[in-house]
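Dear colleague,

Please find the structure below, followed by an account of what was found in it. I would be grateful if you could read the text with the structure open beside you.

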Amino acid sequence: MIIKIENTPDIMIGFQALGDVTKEDFEIKVLPEVKALIERTGKLNYLMVIDTALQHFTAGAWLQDALLGIKNLSLWNRVAILSDSEPLKTFTNIFSIVMPGEFRGFSKDQLETAVAWVSEEKQ
């Protein structure tokens, strides 16, 4: 499941992935929030805390995540992925080279730092 992280700055949106993550999680929880943020700010500052094994993401969830990225390609500004997986954090950092916007991997214990970075409090 995906839950919205409450009390984040208005310039960003944050989510936490727990247990099994499905395409419905993205369709019902993530996409409407992303759309509202883009309408409000004109850009996408996004944070995802991965508190589940990646194999718990269904194929439909991966597809919805990819479609989110493609659909809003030019609007990505800052993206933080928080995980205890070193390969995932490394992949996120490398992804920044080929995608518009800035992507950065953080450890899960760096939530405050990641929120500050995604919300553009740290330049």
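**Strands and their pairing**

Strands β3 and β4 run parallel and are joined by 6 bridges. Please note that this is a predicted model, in which local features need pLDDT of at least 70 and side-chain atom pairs count only at pLDDT 80 or more, while totals for chains, interfaces and linings use all residues. Residues are numbered from 1 along each chain as its sequence is written, and side-chain values use heavy atoms, with hydrogens and water left out.

Two terms are needed here. Strands (E, at least two residues) and helices (H or I, at least four) are DSSP runs, numbered from the N terminus. Two strands pair if DSSP finds at least two bridges between them.

How much of β4 is buried? Of its 7 residues, 6 are buried, so β4 is largely enclosed by the rest of the structure. Buried means under 20% relative accessible area, exposed means over 50%, and partly exposed lies in between (1.4 Å probe, protein chains only).

Strand β3 contains Ile50, a buried residue with a relative accessible area of 9%. The C-alpha atoms of Ile50 and Leu18 are separated by 7.1 Å, although these residues are 32 apart along the chain.

**Salt bridges**

The structure holds 7 salt bridges. A salt bridge is a side-chain nitrogen of Lys or Arg within 4 Å of a carboxyl oxygen of Asp or Glu.

One of them joins Glu102 and Arg78, with the closest N and O atoms 3.2 Å apart. This pair links distant parts of the chain, since Glu102 belongs to β5 (residues 102-106) and Arg78 to β4 (residues 76-82), 24 residues apart. Arg78 is buried, at a relative accessible area of 5%, whereas Glu102 is partly exposed, at 33%.

Another salt bridge is formed by Asp84 and Lys108, whose closest N and O atoms are 3.5 Å apart. It too links distant parts of the chain: Asp84 lies in the loop between β4 and α3 (86-98), and Lys108 in the loop between β5 and α4 (111-118), 24 residues apart. Asp84 is exposed, at 54% relative accessibility, and Lys108 is partly exposed, at 29%. Which residues make up the network that includes this pair? Asp51, Asp84 and Lys108 are linked in a network of salt bridges.

A further salt bridge brings together the side chains of Lys23 and Glu27 (4.0 Å, N to O). Both residues lie in helix α1 (residues 23-41), 4 residues apart, which is about one turn of the helix. An α-helix has 3.6 residues a turn, so residues three or four places apart point the same way. Lys23 is partly exposed, at 34% relative accessibility, and Glu27 is partly exposed, at 33%.

**Helix α4**

The buried residues of α4 are Ala114, Val115, Ala116, Trp117 and Val118. Against which strands do the buried residues of α4 pack? They pack against β3 (44-51), β4 and β5, where contact means heavy atoms within 4.5 Å. After α4 comes Glu120, whose phi is positive, near 70 degrees.

With kind regards
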